[in-house]
Amino acid sequence: MNENFIFVPLIIHLAAATIMLFAWGRIKFQRWFAILSNAAALIVASALFGMVWNQGIVTVQSGGWKPPFGITMVADTLAASLVLLTSIVGLAVSIFAAGTIIPQRVKYGFFPILQILFLGLCGAFLTGDLFSLYVWFEIIIISSFVLLTIGGEKMQLEGAVNYFTLNMLSSLIFLTAIAIIYGITGTLNMADVAMKLPLVEHPHLVEVTAIFFLAGFGTKAAIFPFYFWLPSSYHTPPDAVSAVFGGLLTKMGVYAIIRVFSLLYADNALISEIITIAAGCTILAGGAAALVQNNLRRLFSYLIICHIGFMIAGIGIGSVLAITGVIFYLFHDIIVKTNLFMVAGLTHRMTGTSSIRDLGGIYDKYPMLALLMAVPLFSLVGIPPLSGFWPKIGLISAGFTDHKWIISGLIILGSFFTLIAIAKLWAEVFWKPSKEIYARPNFTFWNKLGVKRKLLYLVPIGFLAALSLFIGLGAGVIEPVAERVALELSDTMIYVNAVFKTKQ
């Protein structure tokens, strides 16, 4: 397969957005075309992953320039895996959005902008150039800001202001780091920077760039102390938008931290210590706040923060075992968090509220639906053998192996926070009897839906729930992928040699 195939996922999303813009007023067409285009993106992403898995890292130099000149596109196992996960989430969310996004929001360009968001995510995963990464980040921020504000409700606008302000600040910090890197190395090609950065005569200046990168990417990933924007933003947009944000957007920040710090700052003990401390604080801040939340989506938002802390902790530990756990957890978390926000959206539509105290009786009224919703909830907790269990065990084991007792203990504590929060949610929302809620007009919503509309809700939730079960029960399939990613990340020369096309 030709190496230019790396561009096809980008072309599909760009073409889909363009076509839907020309069909601005055709609501039904946009809904079904979004599903079809994301299904095509999933097929292409699967082919790209297979290509990388069988042939090794695929690189392309745009415009025919030799590296480090021009823009390099790199599809290693990590990038190909995340493009595949983006397409899976894209298909699930586009189906869910077809049933939940009201016509007025479709007319304002919801589906084309959603495709631009997926384009930005895929581009960010595949680029091998720091400045191009910044450009893709800006595409992601602009498209996500539009998705946050479509509809123009007061709560949306308040959340969008918080989101946009903090993310633009993080982009400014990121751009500053890029400027310093270019000043001291004369290049922005990540493989070239990886070779030249160890030769810089002023190591403290290198550490300053690392702090800038950590602050910039950490804000996007919502790590401590830059996490305040997330819980004030993610509960405000439509359910489908919250699902994409919860599943993918913060993971973009985690990906950037993994990529940059494994490639450029792998052996810096001070930076690893700072990352580990930030991870521990993130776990505590997110987990403790989740225990006192009454709104479903705010609860899930704080659990995003807590579990981002798990992944950042693994990056701080830095061993192959730890990075394997980080990658495995990243795969699991993208699927589960996307599904949870869709579950929260369906629950709100059925009952007319997202208040945990006001909910109840769902298991009694809809037992099969409740059991379907239980899969992502208990996968999030990490009940064995569900998907959250295996990577968490890997992260804790890596901490113990490297004698990082405190961070391992904090991961265990964060797991208990999650268990308590989800147990409380399950008892209140599903098991607690609630006669009053049955009388609400919204509670007849599900019964009034036709079969086609119900499928638009159930198929994406069931699809991602089945995938979560596969990740957990088929951990023997996922583990080798995570291990291969960790091995590629642990040896920077694998990436460098692939970009410069030299043999080891």
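Predicted model: local features only at pLDDT ≥ 70, side-chain atom pairs only at ≥ 80, totals over all residues.
## Charges over rings

Residues are numbered from 1 along each chain as its sequence is written, and side-chain values use heavy atoms, with hydrogens and water left out.

## Aromatic pairs

A pair of aromatic rings is described by the distance of the centres and the angle of the planes. Rings of Phe, Tyr and Trp (its six-membered ring) pair if their centres lie within 6.5 Å; planes under 30 degrees apart count as stacked, over 60 as edge-to-face and the rest as tilted. By this rule the model has 28 aromatic pairs. One of them joins Phe-131 and Tyr-134, and it is tilted: 5.7 Å centre to centre, with 35 degrees between the planes. Why do Phe-131 and Tyr-134 lie about one helical turn apart? Because they are three residues apart in helix H6 (residues 130–149). Helices here (H or I, at least four residues) and strands (E, at least two) are DSSP runs, numbered from the N terminus.

How much of each ring residue is accessible? Buried means under 20% relative accessible area, exposed over 50%, and partly exposed in between (1.4 Å probe, protein chains only). Phe-131 is partly exposed, because its relative accessibility is 38%. Tyr-134 is buried, at 16%. Phe-137 and Phe-217 form an edge-to-face pair, 6.0 Å centre to centre and 85 degrees between the planes. Phe-137 lies in helix H6 and Phe-217 in helix H9 (residues 203–221), so this pair ties together parts that are 80 residues apart in sequence. Both Phe-137 and Phe-217 are buried. One aromatic cluster takes in Phe-131, Tyr-134, Phe-137, Phe-174, Phe-213, Phe-217, Phe-261 and Tyr-265.

## A nonpolar surface patch

Leu-284, Leu-413, Phe-416, Leu-419 and Ile-420 make a nonpolar surface patch of about 420 Å². Patches are made of residues with over 30% relative accessible area and no salt bridge; like charges are joined within 9 Å, and nonpolar side chains (Val, Leu, Ile, Met, Phe, Trp, Tyr) within 5 Å. A salt bridge is a side-chain nitrogen of Lys or Arg within 4 Å of a carboxyl oxygen of Asp or Glu. Accessible areas come from the Shrake-Rupley method with a 1.4 Å probe; for residues, only the protein chains shown count as cover.

Which helix gives the largest share of the nonpolar patch? Helix H17 (residues 405–431) does, with four residues. Leu-419 is found in H17. With a relative accessible area of 38%, Leu-419 is partly exposed.

## Two paired strands

In a regular strand the side chains alternate between the two faces of the sheet. Strand E1 (residues 58–61) points Val-58 and Val-60 one way, and Thr-59 and Gln-61 the other way. All of these are buried. Strand E2 (residues 72–75) has both faces covered. Thr-72 and Val-74 lie on one side, Met-73 and Ala-75 on the other, and all are buried.

E1 and E2 pair in the antiparallel sense over four bridges. Two strands pair if DSSP finds at least two bridges between them. Val-58 stands opposite Ala-75. Gln-61 has Thr-72 as its bridge partner.

## Backbone details in the loops

The peptide bond from Pro-67 to Pro-68 is cis, with omega near 10 degrees. Pro-68 lies in the loop between E1 and E2. The bond from Pro-384 to Pro-385 is also cis, with omega near 5 degrees. Pro-385 lies in the loop between helix H15 (367–381) and helix H16 (389–401).

Ala-222 has phi near 65 degrees, a positive value in a residue other than glycine. Ala-222 sits in the loop between H9 and helix H10 (239–264). Is Ala-222 buried or exposed? Ala-222 is buried, with a relative accessible area of 0%. His-403 is not a glycine either, yet its phi is positive, about 60 degrees. His-403 lies in the loop between H16 and H17. At 56% relative accessibility, His-403 is exposed.

## A glycine in H16

Gly-394 is in helix H16. Gly-394 counts as buried, because its relative accessibility is 14%. Gly-394 and Val-320 are 74 residues apart along the chain, and their C-alpha atoms are separated by 10 Å.
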